[in-house]
Amino acid sequence: MFQHYQLDSAWDEMRRADGHARAHYAELMQRISHISPQELAQRQQSADDSFLAQGVTFTVYGHDAGTEKIFPFDLLPRIITDAEWRTVERGLAQRITALNMFLHDIYHQEHILNDGVVPRDLVYSCKHYRREMRGLTVPRNVYINVTGSDLVRVPSGEFAVLEDNLRVPSGVSYMLVNRQMSKRVFPQLFDRYNVQPIEQYGQLLLSTLRSLAPHISDPTIVLLTPGSYNSAYFEHTYLARQMGIQLVEGRDLVVHNNVVYMRTTNGLQQVDIIYRRIDDDFIDPLVFRTDSILGVPGLMHAYRAGNVAIANALGTGVADDKALYAYVPQMIRYYSGEDPILNNVETFLLSEPPQLQHVLDNLQHLVVKAVGESGGYGMLIGPHSTQAQREAFAEQIKADPRNYIAQPTLQLSRAPCIIDGHLEARHVDLRPYILYGEQINIVPGGLTRVALQRGSLVVNSSQGGGSKDTWVLYGE
Amino acid sequence: MAMLSRVADSLYWMSRYLERAEHTARLLDVTLHQLIDVDAQVSQQRWLRLWQTLHYDDANTGSISPQPVVDLFTTDGRYADSIAATITAARENARQVREHISSEMWEQINRLYLDMRAQFHQHAWQQSPHRFFASIKMGSHLFQGITDATMSHNEGWDFIQIGRTIERAHNTASLLVHHTSILQGYLNDGQSHHAEWTGLLKMCSAFEAYCKVHTPEVTPPRLIEFVVYNPDFPRSIRFCADSIHLAAERILQRDGLVRGNKVQRSTGQFQAMLEYGGIDEGLQSVATDLHHMQQACFRIDAALRETHIAYPITYAMSST
């Protein structure tokens, strides 16, 4: 069973350097060794079938319209101890609080820019900076109501933040359905482990949204989706159902006298809170991209008039710009006076000439990313690239250095996965979901994404990644 | 929870398109079957009437041979009434509202679509057109049965009912309009066009039901009486009008909209037209009556849109 399971320099979630199982994985390892490969394959198959039948799928762009695939699910849970989790939880709360204060600051007094902690031109040149948000008061002064930060575990065993996804992070529905599935696949194991629940996410999200219109006793809340061709459409339908709210498209909403309504068969119904899963660029063709047919003309005016709350607020993307990311530790110190609990990954800013030269000289060892992209698009992974690819990328970098950052190739931690009936180690990350309304709530765990190709470091669903359930254990 | 206008609209059109596919399949099936035992001239006239019924207004209609046009009406997505276009549109509408229909309904309409695509591959359907058309009709019937048995009979269900019955009423009226000449013909020349009349009944899927009431002895007045005014036969215009009116009343009761009166007035007028209408032995007014029925269907469709789907904002603000 374990003969394919090799240790290397990456942190291993299950085994210590001496090859023995970590205490919290011992029970799982023992159980698995008593199940035959055929039985494992059978359980895997029934899980896959069940996802397909339930329509737990995502749409792959660039193929025939409507190509639906399941997000591959690995049966073995990724286990995190209570102590590890508490550090992550405190670190995330600290970081999200600082990022939110940063957003409020740059759209109001700009203290942090005036004090020279963050370069002004880095903020203004960011394409996600929204002038339209200047001076606007958002409910509770909270901009980032839903966040899905990407954490990685570095070889020392510490968690570090790779990206803060502050715009419209997705994947939480997979976290929820993965839990249902692992309860079905390993019911006894689930009983033996004392796992903290996550099923309250839908309820927490609803109360977070509701808290954005505190003066309305029974607010009308809708989830705004780009529609059934969007890759995350399953998630939109799933969350709307979990919360019992309407799933609307842009064409279902109209703005009249700066008030937002949805068209029902029974007439217009006023909408108070919008959980939007559409990017800023597409949300209002009168203010942003004029060619957008997904958005709602006039929405920005209703928002400015304070007649509707939007989660997340517009303009949050500036704080997860990959170049500004390098300044998050400084933001935390600036606003809270504390040292960051969770570290950043070392990042080179290519707008700085010395760093640019260093990166161009060492492209084969580095990962270079476009600052405004996400989902694994627009990046160069140095060690896995050809000379020609590096040269082409170097030209792009020189043409627009502000648009790129570079990071060392990360050794993501590895966790056991079932590959062809036996155990192999695969690289994983962790995306916890942070809700911020009246207070900060983080359901224990999050979505563990897996790079299913041997040796691969790319976990994105669009690039052949999979996922597993994440168990955070109760303390002793 | 109130129903989104877009959702109601998609349910309505999903249902209309599926009914239209079934209608086109039945028309082509019956006409192809009749082809076997008649001379060329009669056959040409039949095809002409069929093209008119299906709104195929090519100037050269008279001179082309039937087979390529049957092909067009089966597989060509550019013709709005073709089986390919209508099944695809029905499925696309269903896909947009998957959350609002039962999964059984989605699976059935998706299967119907995929089977149809498979039949079009390398013209497999041409091996046995009859079997193909039968599978389309059966697919539509199955969908209706599954809808009744698995979906809550709520507002969405009522929009599905209206969509199906308004399409059916309009199709039947339009079919008869294009056949009034052969119905009235017997009054002038006294000849029996028995094959045409039974064919017409079959196009309304009414032959068996007619025989149970009137025996296979078909006369035009009885035929019209049956497919237009019979209160019990589910494909008669009368039956459709009753069903539309009832569904509209249920929607009105749920919504309690003052504006809803407009829909109710139009469905009520249509229903009364059928309940209290009838034919004269000379069949003088049949064409006009059928024309009025078609107009009534358009009015109901427009009233529904104006009241529940695409109402102007100011209108909605002033009267809710």
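In what order do the 3 strands of the open sheet in chain A stand? The order is E9-E10-E11, and the pairing is antiparallel. Here helices (H or I, at least four residues) and strands (E, at least two) are DSSP runs, numbered from the N terminus, and two strands pair if DSSP finds at least two bridges between them. Strands E9 (253–256) and E11 (267–270) of chain A sit at the edges with a single partner strand each, so one side of each has no neighbour in the sheet. On average, neighbouring strands of this sheet are turned by 40° against each other, direction ignored. Strand E10 (residues 259–264) of chain A pairs with E11(A) over 4 bridges in the antiparallel sense, and A:Tyr261 stands opposite A:Gln270 in E11(A).

A word on the ground rules: this is a predicted model, in which local features need pLDDT of at least 70 and side-chain atom pairs count only at pLDDT 80 or more, while totals for chains, interfaces and linings use all residues. Residues are numbered from 1 along each chain as its sequence is written, and chains are lettered from A and ligands numbered from 1 in the order in which they are written.

The contact takes 18 residues from chain A and 18 residues from chain B, where contact means C-beta atoms, placed from the backbone, within 7 Å. On the chain A side, strand E8 (246–248), E9, E10 and E11 each supply at least two residues. That side has 5 nonpolar, 9 polar and 4 charged residues; Ala, Val, Leu, Ile, Met, Phe, Trp, Tyr, Cys and Pro count as nonpolar, Asp, Glu, Lys and Arg as charged, and the others, Gly among them, as polar.

Chain A is divided into domain 1 (23–219 + 308–344 + 410–472) and domain 2 (348–408), with bounds from an automatic or database domain assignment. Their C-alpha centres lie 25 Å apart, and 14 residues of domain 1 are in contact with 13 residues of domain 2.

Another open sheet of chain A has 4 antiparallel strands in the order E15-E18-E16-E17. Strand E16 (residues 366–370) pairs with E17(A) over 3 bridges, and A:Lys369 stands opposite A:Met379 in E17(A).

Then there is strand E20 (residues 422–431) of chain A: 8 of its 10 residues are buried, so the rest of the structure largely encloses it. Buried means 20 or more other C-beta atoms within 10 Å of a residue's own, exposed 12 or fewer, and partly exposed in between, with C-beta atoms placed from the backbone. Strand E19 (residues 414–419) pairs with E20(A) over 6 antiparallel bridges, with A:Ile418 opposite A:Leu423. Their hairpin has 2 residues between the strands, and A:Asp420 takes a positive phi near 50° there. E20(A) is also joined by 4 bridges to strand E23 (residues 447–451) of chain A, running antiparallel, and A:Asp429 stands opposite A:Arg449 in E23(A).

Chain B has 15 helices and 0 strands. Buried residues make up 42% of its 320 residues, and its C-alpha atoms fill a box of roughly 60 × 50 × 40 Å, taken along the principal axes.

Conventions: Axes fitted to C-alpha atoms, helices over the stretch in contact; angles between N-to-C directions. Contact = placed C-beta atoms within 7 Å.
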